[in-house]
Amino acid sequence: MIIKILMTLYITALAGTLAWAGEDSSLTVEGQEIKISAQAPAHAENLDMVYSGWVFRTDETQSLQMDDFDNPAFVFVDEGIDLFSKVDGSEVKSCAGCHTNLADFSGLRASMPKVVDGKLLSMEDLVNGCRVKRMGADPWKWSGTEMTAMTALIGLQSRGMEIQVKIDGEAAELWKTGKELYYARVGQLDMSCANCHEDNYGNMIRADHLSQGQINGFPTYRLKNAKLNSVHGRFKGCMKNIRATPYKEGGDEFRALELYLASRGNGLSVETPSVRN
Ligand code: HEC
Ligand code: HEC
């Protein structure tokens, strides 16, 4: 009972007065068409359509993402460019020393996370893998400023490309785990991700429009904390909001959840780096 009351207090449906742009809106960035809605993939069985979080933001927030000059995330992308050619570690190497063409990363973000040699890897793992094994450098913190700058720079190389995350083969079991976590009720409010992002997207929560919780725009610049936010960092925030003990960034639970969430966005475009509130 108490759960129901809490949820009703929390989420106020404003049917008919929804301000979200819906499927008619479109997003073009730097002349490039970004798919912000698509027919839901069959494995997201409770959704007809999938929508980017951009759709649910105010006009002002939306406009920040429509021009790279206005997009505050690009300050950090520029830092990523500097870091890319910065020599570091015992091997005295920079990323650029081996990866001579950034455009070689084109398409990578659209396939992440993915299983490599039996391990589910996020973009952060690929970056730290090279830092540790190929540069002899310390790994960067999962949601630190260097890492998010780098994942934004690499993700940008796939902007506009359709997300197509693989969920079969070696990924199948991990995907199932992610799905279970998505529907598991946790925390003092006893809520699941689905309670907000599947059952109530488009509705108001406090002063905010709930989105589907898509991750196609990550890392994302949030006006709230004026920095880039990682996927796992965002998961952590949502878990804290429902008074649950968050899983670890880079831990097995968030990896699996990332795979499941990414797959729910199959068909949307990579939007990296997005702007949200
Ligand atoms: C000594 C050479 C070397 C250095 C230095 C290096 N890398 Fe790599 N990197 C590689 C090789 C080799 C691979 C595996 C082959 C490939 O996919 O290009 C790789 C793979 C990757 C991948 C995965 C590519 C894919 O398509 O799966 C990413 C992302 C990446 N590196 C990012 C970086 C970043 C960021 C840095 C700097 C922090 C860096 N690398 C430094 C050699 C290097
Ligand atoms: C009490 C409701 C609630 C629950 C439960 C909840 N979230 Fe959220 N979440 C929000 C709100 C509010 C936002 C910010 C507005 C939006 O994009 O929906 C948000 C944003 C997000 C975003 C960012 C979307 C974007 O476009 O940038 C992701 C990803 C996300 N949540 C994932 C999760 C995951 C994973 C879980 C379960 C562990 C979860 N959320 C549980 C309320 C919730």
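Against which strand and which helix do the buried residues of H9 pack? In this predicted model, local features need pLDDT of at least 70 and side-chain atom pairs count only at pLDDT 80 or more, while totals for chains, interfaces and linings use all residues. Residues are numbered from 1 along each chain as its sequence is written, and chains are lettered from A and ligands numbered from 1 in the order in which they are written.

The buried residues of H9 pack against strand E11 (227-229) and helix H10 (252-264), where contact requires C-beta atoms, placed from the backbone, to lie within 7 Å of each other. Helices (H or I, at least four residues) and strands (E, at least two) are DSSP runs numbered from the N terminus. Within H9 (residues 231-241), Val231, His232, Gly233, Arg234, Phe235 and Met239 are buried, a residue being buried if 20 or more other C-beta atoms lie within 10 Å of its own, exposed if 12 or fewer, and partly exposed in between. Just after H9, Arg243 adopts a positive phi of about 55°.

Strand E11 also belongs to an open sheet of three strands, ordered E11-E10-E12 with mixed pairing; strands pair if DSSP finds at least two bridges between them. E11 and strand E12 (274-276) form the edges, each pairing on one side only, and the twist averages 40° from one strand to the next. Strand E10 (residues 220-222) pairs with E12 in the parallel sense over three bridges, and Ser274 in E12 is the bridge partner of Thr220.

A further packing arrangement involves helix H3 (residues 74-84) and H6, whose axes come within 8 Å and cross at roughly 95°, the axes being lines fitted to C-alpha atoms over the stretch in contact and the angles running from 0 to 180 degrees between N-to-C directions. H3 is therefore roughly perpendicular to H6, a term that covers angles of 65 to 115 degrees. Among the residues making this contact are Phe76, Ile81 and Phe84 of H3 and Met150, Leu153 and Leu156 of H6. The residues of the contact of H3 with H6 divide into ten nonpolar, two polar and two charged, with Ala, Val, Leu, Ile, Met, Phe, Trp, Tyr, Cys and Pro counted as nonpolar, Asp, Glu, Lys and Arg as charged, and the others, Gly among them, as polar.

Ligand 1 is surrounded by 15 residues, of which the closest are Cys95, Cys98, Leu126, Cys130 and Arg134, a residue being near if its C-beta atom, placed from the backbone, lies within 6 Å. Helix H4 (95-98), helix H5 (123-134) and helix H6 (145-156) each supply at least two residues of this shell, and H5 gives the most, with five residues. The shell around ligand 1 comprises ten nonpolar, two polar and three charged residues.

Notes
Two residues are in contact if their C-beta atoms, placed from the backbone, lie within 7 Å. Angles under 35 degrees count as roughly parallel, over 145 as roughly antiparallel, 65 to 115 as roughly perpendicular and the rest as oblique.
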